[in-house]
Amino acid sequence: MKAEQINWRTLIAACAAVCVFSFSLGEMFPLLALNMESWGVSEAVIGINTAMAPIGILLAGLIIPRLSHMFGGRRVAMFMAGATGTIFLLYPTFPDLWAWFPLRLLQGVTVATLFALSEAWVLANAKGEIRGRVVGIYATCISATFGVGAAVVSWTGIEGYLPFMVGAAVLFLAILPISLVSDSADRAADEPHVSMLSFLPKAPMLLLAIVVHAIFDGGMLGFLAVYGVRFGMSESIAALTITALSLGNVFFQIPIGWVADRTSKRGTMVGCFITAVICLAMLPAAIDTIWIWPLALVSGAAGFGIYTVGLAELGDRFRGRDLIAGTAAFSTMWGFGALVGAAMCGVAMDLFGPHGFPASLIVVFVGYLLVLALITWYRKRRAVRPI
């Protein structure tokens, strides 16, 4: 696909906008958790409060296509940027645990809307044989800026308005790149909208792959460091396992996208699944050795690679209103999977000990691969459409 056929202005604007939101989201997770911890809030309640954002993401999937159809994606995204910045400022204005529950829920809705619309813009303009690589760049930007946002908390501290004002200022700045999105990127807004629920039967196994990716995400981010502490790591060293996991996201998504472009997107996704299973199976033997660091790196690359390749496949298969409904469905599936992953891994560790954590994730990954193999075999025999 030739470069002149690609709207680079919209691609760059969409990536810039989502980077701003990823930065702010990365700042918000530790900032709110550390504030609540300083108030003496229990870990269980902090976890419930954190779950409000994925619930908001789930709800957003039901309204994103309709909002985009009614008002245009660019206008909706600009409004959500301003709304999320305002929510940031409301946290220190109402420093009360119970006020933070509805605020966190609303934040999940606003952030999910911008992510879904940005992804639709990226996929609509990342065309042909370079789609996987462009999506890889997009995924790399998300991962890198998420980590930068988290690091800002160590500079600003957690008290007062300053850390929240930094996040709000960055969010308000997101309105500028969003305003540069071309009119043609909103062409789907002129068509009858496709609801997220009506999209689900069109790509069930692709959406289920995103659920599994999110289960991995929620489980690993929530419990990998805890798993390390259970085997003798200090808390500071165990926290670095999350850094290693994130670096896999940052450095390997572009190569994964290149492989997907040159071979098969579904085949590359299956390769990511198999690699993740191998890494999870090796985790108990590696957790208290030096090998945990490269293992965490590869695990992060494979786990997030599922989302990268899934997003590229979505762009291959759908256009216009279906694409917006699809990215909304991706956000919803991620929110659902993240909730399931955190809860599942916690219960597995309580019931079966520390090794219940990787074992439960292995069961989910292998289960998906088995179901995919059976359905693919059946559909090949019947020669029906992709799943």
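Is Asp322 buried or exposed? In this predicted model, Asp322 has a relative accessible area of 19% and is buried, because the cut-off for buried is under 20%.

**Figure 1. Salt bridge between Asp322 and Lys202.** The two side chains meet at 2.8 Å, N to O. Asp322 lies in helix α13 (residues 320-352), whereas Lys202 sits in the loop between α8 (196-199) and α9, so that the pair links distant parts of the chain, 120 residues apart. Lys202 is partly exposed, at 28% relative accessibility.

**Figure 2. Salt bridge between Arg317 and Glu313.** The closest N and O atoms of this pair are 3.0 Å apart. Both residues belong to helix α12; they are separated by about one helical turn because they are four residues apart. Glu313 is buried, with 7% relative accessibility, and Arg317 is partly exposed, with a relative accessible area of 24%.

**Figure 3. Salt-bridge network of Asp261, Lys265 and Asp316.** Asp261 and Lys265 are buried. The structure holds five salt bridges.

**Figure 4. The second largest cavity and its lining.** By class, three lining residues are nonpolar, four are polar and one is charged.

Methods. Residues numbered from 1 in each chain as written. Predicted model: local features only at pLDDT ≥ 70, side-chain atom pairs only at ≥ 80, totals over all residues. Heavy atoms only, no water. 1 Å grid on protein atoms, 1.4 Å probe; cavity = no way out; pocket = protein on both sides within 12 Å on 5 of 7 lines; lining within 4 Å. Nonpolar A, V, L, I, M, F, W, Y, C, P; charged D, E, K, R; others polar. Salt bridge = Lys/Arg side-chain N within 4 Å of Asp/Glu carboxyl O. Helix = DSSP H or I, 4+ residues; strand = E, 2+ residues; numbered from the N terminus. Buried < 20%, exposed > 50% of the residue type's maximum accessible area, 1.4 Å probe, protein only.
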